Amino acid sequence: GMDKFIGYLEFLEVPMPTVSAWLAALAELVGGLFIALGLLTRFAVVPAAVTMLVAMFSAHAGEFAKGELPSLYLAAFVFFGLVGAGSFSLDARLFGRRES
């Protein structure tokens with residue numbers, strides 16, 4: 001669980017591993033939910049993308065095959081950050097507009 005993740009971040013010498021672990025978990029859980037629902041997508045992709053950048057350059061650094069998945073997620077977050085959520089998003093339903 002979270003204790004193992006904090007220990008792994010300590011092993012990687014990530015600054016403030018406990019805070020970093022909880023921020024990463026929050027970004028992935030809440031950010032992922034918001035992105036999936038299309039709710040405040042352009043704001044939700046920022047912490048999720050930062051989490052993937054940190055993962056790429058710390059946990060997966062130097063190993064292309066291991067860094068492939070965070071790179072793919074980062075590309076998806078950048079896409080949704082640039083394009084928006086679309087006409088079937090909660091933003092479009094709740095606010096009567098499409099993020100663009």
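**A tour of the predicted model**

Begin by selecting I35, A44, V45, A48, A49, M52, M56, L74 and F77: these nine residues form the largest nonpolar core of what is a predicted model. Colour the helices next. Both α3 (41-57) and α4 (64-83) supply at least two residues of this core, and α3 contributes the most, with six.

Now centre the view on I35, a member of that core. Leaving aside residues up to four places away in sequence, I35 touches A44, V45, A48, F77 and F80.

Is S89 buried or exposed? Its relative accessible area is 3%, so S89 counts as buried, the cut-off being under 20%. Display the side chain of S89 and the backbone of G86: the side chain reaches the backbone oxygen of G86 at 2.8 Å. With residues up to four places away in sequence again set aside, S89 touches L37 and G38.

The tour then turns to backbone geometry. Select M16, in the loop between α1 (2-11) and α2 (17-37). M16 is not a glycine, yet it has a positive phi of about 45°. M16 has 58% relative accessibility and therefore counts as exposed, for which the cut-off is over 50%.

Finish at L40, which lies in the loop between α2 and α3. L40 also is not a glycine, and its phi is positive, at about 50°. Show the surface here: with a relative accessible area of 36%, L40 is partly exposed.

How values were computed. Residues are numbered from 1 along each chain as its sequence is written. This is a predicted model: local features need pLDDT of at least 70, side-chain atom pairs count only at pLDDT 80 or more; totals for chains, interfaces and linings use all residues. Side-chain values use heavy atoms; hydrogens and water are left out. A nonpolar core is a set of buried Ala, Val, Leu, Ile, Met, Phe, Trp, Tyr and Cys residues joined through side-chain atoms within 4.5 Å. Buried means under 20% relative accessible area, exposed over 50%, partly exposed in between (1.4 Å probe, protein chains only). Helices (H or I, at least four residues) and strands (E, at least two) are DSSP runs, numbered from the N terminus. Contact means heavy atoms within 4.5 Å. A polar contact is a pair of N or O atoms within 3.5 Å; within protein, one must be able to donate a hydrogen and the other to accept it, and residues adjacent in sequence count only if both atoms are side-chain atoms.
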